[in-house]
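Please look through the sequence and the structure shown below before reading on.

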Amino acid sequence: MARFLDVHPDNPQPRLLQQIVTVLRDDGLIAYPTDSCFALGCQLGSRPGLDRIRDIRKLDDRHHFTLMCRDFAQLGQFVQISNSVFRLVKAVTPGSYTFILPASPEVPRRLLHPKKRTVGVRIPEHTVTQALLAELGEPLLSSTLLLPGQDEPMTQGWEIKELLDHQVDAVVDGECGVEPTTVVDLSGDEPEILRVGAGDPSRFE
């Protein structure tokens, strides 16, 4: 059964954050709230965690996973970013955008798009997520909690606990957005909007 951790939305309890990080470092899988909606998350190097996300969401190897980063300095370690792209991304972060960019050698190969060698990155504007990333000290490998056959991502912790009780190790309850991020592919010559979501796409059109 998954642990259910009710984290304060404005002042996350250090004791609970430490418990969540312990789960992640033990190759665990969590469901947690973000500024867009709930996400599934595991440690960057966790093969079991990655496999469990693929299984829950029924994803193929062309799916872009997202590295949830604390800040721009951390993001810059994991993707290759030009000066012009840097300015574009910097202007809208933190926020409800996911960017597809060429991965740096720091990113495990199994996370990359098999042909493009790209990965998704984002910097969330969410107090609990930011506190969790600070405690973890590295990006959180993530994927939107959108189950097969569902049109909308999940946004209620208790509902996730009921549905995925034996598939995740912990559910971090908390307030979240109700719309997925806007996904922008910045790996080519021109920005390509792959999904319109919570972030204003007009900046990249």
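## The loop between H4 and E5

Pro-94 sits in the loop that runs between H4 and E5, in a model that is predicted. The peptide bond joining Thr-93 to Pro-94 is cis, with omega at about 0 degrees. Most peptide bonds, by contrast, are trans.

Ser-96 also belongs to the loop between H4 and E5, and its relative accessibility is 14%, so that it counts as buried, the limit for that class being under 20%. Once neighbours within four places in sequence are set aside, Ser-96 has contacts with Asp-35, Arg-122, Thr-181, Thr-182, Ala-198 and Gly-199.

## Positive phi values

Most residues other than glycine have a negative phi. Lys-58, placed in the loop between H2 and strand E4 (66–68), has a positive phi near 55 degrees, and with 58% relative accessibility it counts as exposed. Arg-117, in the loop between E5 and E6, likewise has a positive phi, near 60 degrees; its relative accessible area is 33%, and Arg-117 is therefore partly exposed.

## Helices H1 and H5

The axes of helix H1 (residues 14–25) and helix H5 (residues 127–136) come within 9 Å and cross at roughly 60 degrees, and the two helices are therefore oblique to each other. The crossing in which H1 passes H5 is right-handed.

On the H1 side, Leu-17, Gln-18, Ile-20, Val-21, Leu-24 and Arg-25 take part in the contact, and they meet Ala-131, Leu-132, Glu-135 and Leu-136 of H5. Of the residues in this contact, seven are nonpolar, one is polar and two are charged.

## The nonpolar cores

Which residues have the most contacts inside the largest nonpolar core? They are Leu-40, Leu-67, Phe-99 and Leu-145, in a core of 42 residues. Two or more residues each are given to this core by strand E3 (38–43), strand E5 (97–102) and strand E6 (118–122), and also by helices H2 (47–57), H3 (72–78), H4 (83–92) and H6 (157–164). Another core, of 19 residues, lies apart from it and includes Val-21, Ile-30, Val-128 and Val-172.

## Gly-174

Gly-174 is located in the loop between strand E8 (170–173) and strand E9 (182–185). Although Gly-174 and His-8 are 166 residues apart along the chain, their C-alpha atoms are separated by 7.1 Å. Leaving aside neighbours within four places in sequence, Gly-174 is in contact with Pro-33 and Phe-38.

Key:
Residues are numbered from 1 along each chain as its sequence is written. This is a predicted model: local features need pLDDT of at least 70, side-chain atom pairs count only at pLDDT 80 or more; totals for chains, interfaces and linings use all residues. Side-chain values use heavy atoms; hydrogens and water are left out. A nonpolar core is a set of buried Ala, Val, Leu, Ile, Met, Phe, Trp, Tyr and Cys residues joined through side-chain atoms within 4.5 Å. Buried means under 20% relative accessible area, exposed over 50%, partly exposed in between (1.4 Å probe, protein chains only). Helices (H or I, at least four residues) and strands (E, at least two) are DSSP runs, numbered from the N terminus. Axes are lines fitted to C-alpha atoms, for helices over the stretch in contact, and angles run from 0 to 180 degrees between N-to-C directions. Angles under 35 degrees count as roughly parallel, over 145 as roughly antiparallel, 65 to 115 as roughly perpendicular and the rest as oblique. A crossing is left-handed if the near helix is turned anticlockwise from the far one by less than a right angle, and right-handed if clockwise. Contact means heavy atoms within 4.5 Å. Ala, Val, Leu, Ile, Met, Phe, Trp, Tyr, Cys and Pro count as nonpolar, Asp, Glu, Lys and Arg as charged, and the others, Gly among them, as polar.
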